[in-house]
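Please look at the structure first, then read the points by topic.

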Amino acid sequence: MADSKLMTKLNAGLAGGGGSGGRGRAQRRIYLDDAGAAPLLPEVAAALRDLTPANPSSLHQEGRAARAALDRARDIVATQLGADRGEITFTSSGTEAVNLALFGVARRLPKQARILTWAAEHQSVLGPARRLQAEGHSVTIAEVDAAARADPDAITSGIALVSIGLANNEVGTVQPVDEIVRRAHDVGALVHLDACAGPRWIPVPRGPDLISISGQKLGAGAGGMLFVREGVRIDPLLYGGPQEWGRRAGREDVAGAIAVSTALASSGRGREERAVVAAQHAEGLRALLEECGGRLTGAALRLPNYASATFPGRRGEDMLLALDVAGVAASSGSACASGSLDPSHVLLAMGLGMDQALGSLRLTIGYDTTDDDLALARAILSSVLAPTTARA
Ligand SMILES: Cc1ncc(COP(=O)(O)O)c(C=O)c1O
């Protein structure tokens, strides 16, 4: 299998040296994969420290405390999204939230009602879209432009559900969400916003009817959340008890809810200031990627912490391995796909050839990335990606 071959290669690379760090000395690591998984926020760890595990449906004191903590978490998320408590459903992940939104709405629609999404969306959107198509629903997966931007013109009458991302998770392109919401509502369609990538850096728009959020992308470590506007009815994925307003059966994950709510609230504090600093840093990395022979990817309007490029003739996993051994954690395309040798579906959707789609590199800056980190990362990137050494 391609996956296990790659893991063997990566492990051999790690066992083979650890770069210049030498035996016994911890290597300094520079984490430039914030979009893959944001590091756990200290405020999340602190909020979880005081948690007493109990079932929020239990009537004893511990159970009531768990219920109160869950209610508080729900209120925090609702405030962040300008929503009501009853519109918030906690899930185990972003993927589950997206699945709940898409299957939840689609199963209440007649089969001929059209569902629309775009080809550069995350696998957690495209997977359900293809499954719904296989179940007989009318699904359109529209094309994107060379920067992975969705074209709102794909929204025509007869469409009942539109799913769009807040930003593309591989190249950072911010989608024209407000226009898509307006056009979709004009034809009477519901809009699901996959807001798993982006809320750490840009605000989540208020217009969509369903919004999914991923905890691990926010620095919560785990968990997820789905906003469902009051009056929008969805079928659950899991059947059982009446938890989460009947939208998700099973004992609530209080820890996950606290983590997600704390991280979402943090993402809103100082977001603009952090974005300005990240954009400056990312600009420097983008210039460096270009100097090293990379062709930059993504639109001018993109998440501020992104620097992504393709390197025709090189393999993403080879660059990742070399960077990893030298101390830089980067990503090649989506984290879900970077354990495999498959080309990036996003880059293919953008019209790039196989050669370029196999040679993608994504660097994403985090809240804690320092000037020192970036100076060292630049030196490592220059030496690893310089055309001669990269091909050696
Ligand atoms: C745009 C987007 N949507 C959905 C997901 C799925 O979120 P999770 O990893 O929490 O399941 C991700 C994760 O990579 C993502 O980037």
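Predicted model: local features only at pLDDT ≥ 70, side-chain atom pairs only at ≥ 80, totals over all residues.

Residues are numbered from 1 along each chain as its sequence is written. Helices (H or I, at least four residues) and strands (E, at least two) are DSSP runs, numbered from the N terminus.

**Domains**

- The protein chain is assigned domain 1 (2-31 + 270-391) and domain 2 (42-268); such bounds come from an automatic or database domain assignment.
- Between the C-alpha centres of domain 1 and domain 2 there are 28 Å.
- Domain 1 has 22 residues in contact with 22 residues of domain 2, where contact is defined as C-beta atoms, placed from the backbone, that lie within 7 Å.
- On the side of domain 1 that touches domain 2, two or more residues each come from α9, β10 (306-310) and α11 (345-349).
- Of these elements, α9 gives the largest share, three residues.
- That side of domain 1 consists of 11 nonpolar, eight polar and three charged residues.
- For these classes, Ala, Val, Leu, Ile, Met, Phe, Trp, Tyr, Cys and Pro count as nonpolar, Asp, Glu, Lys and Arg as charged, and the others, Gly among them, as polar.

**Shell around the ligand**

- There are 17 residues around the ligand, and Gly-94, Thr-95, Asn-169, Cys-196 and Ser-214 come nearest; a residue is near a molecule or strand if its C-beta atom, placed from the backbone, lies within 6 Å of it.
- At least two residues of the shell come from each of α4 (94-106) and α7 (215-218).
- The largest share, three residues, is supplied by α4.
- The shell is made up of five nonpolar, 10 polar and two charged residues.

- Two packed helices are described by the angle between their axes and the distance between the axes.
- Axes are lines fitted to C-alpha atoms, for helices over the stretch in contact, and angles run from 0 to 180 degrees between N-to-C directions.
- Helix α9 (residues 271-291) packs against helix α13 (residues 371-385) at an angle of about 15 degrees, and their axes are 11 Å apart.
- The two helices are therefore roughly parallel, since angles under 35 degrees count as roughly parallel, over 145 as roughly antiparallel, 65 to 115 as roughly perpendicular and the rest as oblique.
- His-281, Gly-284 and Leu-288 of α9 make the contact with Leu-374, Arg-378, Leu-381 and Ser-382 of α13.
- This contact has three nonpolar, three polar and one charged residues.

**Helix pairs with α8**

- Helix α2 (residues 42-49) and helix α8 (residues 254-268) cross at roughly 145 degrees, and their axes come within 9 Å.
- On the α2 side, the contact is made by Glu-43, Val-44, Ala-47 and Leu-48, and on the α8 side by Ala-255, Ile-258, Ala-259, Thr-262, Ala-263 and Ser-266.
- Seven nonpolar, two polar and one charged residues form the contact of α2 with α8.
- Helix α3 (residues 61-81) packs with α8 at an angle of about 30 degrees, with the axes 9 Å apart.
- This angle makes α3 roughly parallel to α8.
- Residues of α3 including Ala-66, Leu-70 and Val-77 meet residues of α8 including Val-254, Ile-258 and Leu-264.
- The contact of α3 with α8 has 12 nonpolar, three polar and one charged residues.

Note on methods:
Contact = placed C-beta atoms within 7 Å.
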